Amino acid sequence: MRGSLDDTICAVATPVGEGGVGIVRLSGSDALQIGEMVVRLRSGQLLGAVTTHTLHLADVLAPVASQGGCEGAPRPGSGEILDEALVVHMKAPRSFTGEDVVEIQSHGGGLILSLVCQACIEAGARLAEPGEFTKRAFLNGRLDLSQAEAVLDTVRARSAAGLRVAQRQLRGELAREVESVRATLLGLLAHVEAGIDFVEEDISFVSGEELRRAIEGAGAMIRRLTDSFHRGKVLREGARVVILGRPNVGKSSLLNQLLREDRAIVTPTPGTTRDVIEESIDLEGVRIHLVDTAGLRETQDPVEVEGIRRTRAAQSEADLSLIVMDGSQPLTHEDRELIAETEGVPRVMVVNKADLPCAVQSHGVAVGEAVCSVSAATGEGLDRLRSMIRGRLISGGGDAEETVIVTNLRHRSALQRAAEAVDHALGAVDQRAAAELIAADLRATAEALGEITGAITTDEILERVFAEFCIGK
Ligand SMILES: Nc1nc2c(ncn2[C@@H]2O[C@H](COP(=O)(O)OP(=O)(O)OP(=O)(O)O)[C@@H](O)[C@H]2O)c(=O)[nH]1
Ligand SMILES: [Mg+2]
């Protein structure tokens, strides 16, 4: 991103399309001056003269550039009226970017907004680059990098749980946790380095045991954050839950029950479902993509063979599998095969047809494994199944939404590097390595953590983060 902080930027901040209101945002040291060229307050006052953070009715004007004949610079208030708008100016540093900001709330049409934006450009602003408003907020110290990313997560959130995670990050909770570990590490580093400097006098500031315990503590915090990633991803993006089982056990009936609608065809004929059927549900704020599949069995029918191939593909992408069995019949060889092959993957055993007499004694399932008895015909046990699915997906804390959770790939990769470096530091302490080596590992750990909040940044990191944004954010 090439833009400097010196120029004043503008962009349409509301989405493309028709809306009652659309906003053009100006930010930078000339925002007020440019705003005064583009809007004329109905009160007759100048925009710079009214109280900051208050709304004013105004006409938006197309500045007349060079047409006046004299100087070539646009003159305020001389152009054609483009629209009626409400205008606010927010004096630095009390704005999103930390700079002088003017927002023009005109009617929300694509053409009118682009004309208003064009007027600002003619008056001296530059079109903002993708994410440049948020980037400026970061560079001006209004947000740390993880908060800047949370702006995007908030805008993109598709589930209530995902939104809550993004909001916590936006409030700086991830940053606080990461910074506290980093501060600990920098403190240790200072001690270790002091030890290096005074090695002649044989002054050791931290005993080996103390140092080890402190590094271990930091490592545990880093690992806790890294481990939260899977849960975080589920909360943010939702999870794929695939319904598997041999033909006729009631997979499609179960899908219909979970969806509360007759989506998939159900018949007493084994091999009814031939294709993969996908639908989404909201499970107490968590988005679940439910996938019904063709029953698994040996078959010569080419359509069913293709269906089973698709079942296998869906199975490989699942975050969780529901292994459905027919509780009214003894387990077959196909049931056992499926149970054996899904050993070790996240799964919930569903024993269906609980309304019929039970014929299944043992499901060949390890003690303690999640088993749920349901009837897709009557709906019995479905609530319990729903909460088991939710629990399995965001396990690691029923209070999943109460703790800080990592959802961003960039953060996870930085945490993984931090975890490696911190392990290395521990190894160095155990081997009584030279203080210089321990210090290098501690520094590497702190630097990796610093990338998350932006305490340590490079142009490359900034470019990668803000490339995800679009113009206007
Ligand atoms: N009594 C009873 N019958 C059920 C229950 N669930 C499903 N069935 C019946 O079992 C038969 C098969 O149901 P489906 O939902 O089509 O089973 P499926 O596993 O999708 O079968 P395929 O698509 O062929 O693999 C139908 O006749 C359903 O009405 C249940 O809980 N109780
Ligand atoms: Mg089916």
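The crossing of helices α4 and α5 is left-handed (the near helix is turned anticlockwise from the far one by less than a right angle). In this predicted model, local features need pLDDT of at least 70 and side-chain atom pairs count only at pLDDT 80 or more, while totals for chains, interfaces and linings use all residues. Residues are numbered from 1 along each chain as its sequence is written, ligands are numbered from 1 in the order in which they are written, and side-chain values use heavy atoms, without hydrogens or water.

The axes of α4 (residues 145-156) and α5 (residues 160-170) come within 8 Å and cross at roughly 155°, with axes fitted to C-alpha atoms over the stretch in contact and angles running from 0 to 180 degrees between N-to-C directions. The two helices are therefore roughly antiparallel (over 145 degrees). Contact (heavy atoms within 4.5 Å) involves residues including Ala150 and Val151 of α4 and Leu163 and Leu170 of α5.

A left-handed crossing is also found for α12 and α13. Here the axes of α12 (residues 409-430) and α13 (residues 435-453) come within 8 Å and cross at roughly 165°, which makes α12 roughly antiparallel to α13.

Turning to the metal site, the magnesium ion (ligand 2) has Ser252 (OG) and Thr273 (OG1) as protein donors, lying 2.0 Å from it; donors are N, O and S atoms within 2.8 Å of the metal (3.2 Å for Na, K and Ca), and sites may look incomplete because water is not among the atoms. Ser252 lies in helix α8 (residues 251-259) and Thr273 in the loop between α8 and β9 (277-283), so the pair ties together parts that are 21 residues apart in sequence.

Conventions. Helices (H or I, at least four residues) and strands (E, at least two) are DSSP runs, numbered from the N terminus. Angles under 35 degrees count as roughly parallel, over 145 as roughly antiparallel, 65 to 115 as roughly perpendicular and the rest as oblique.
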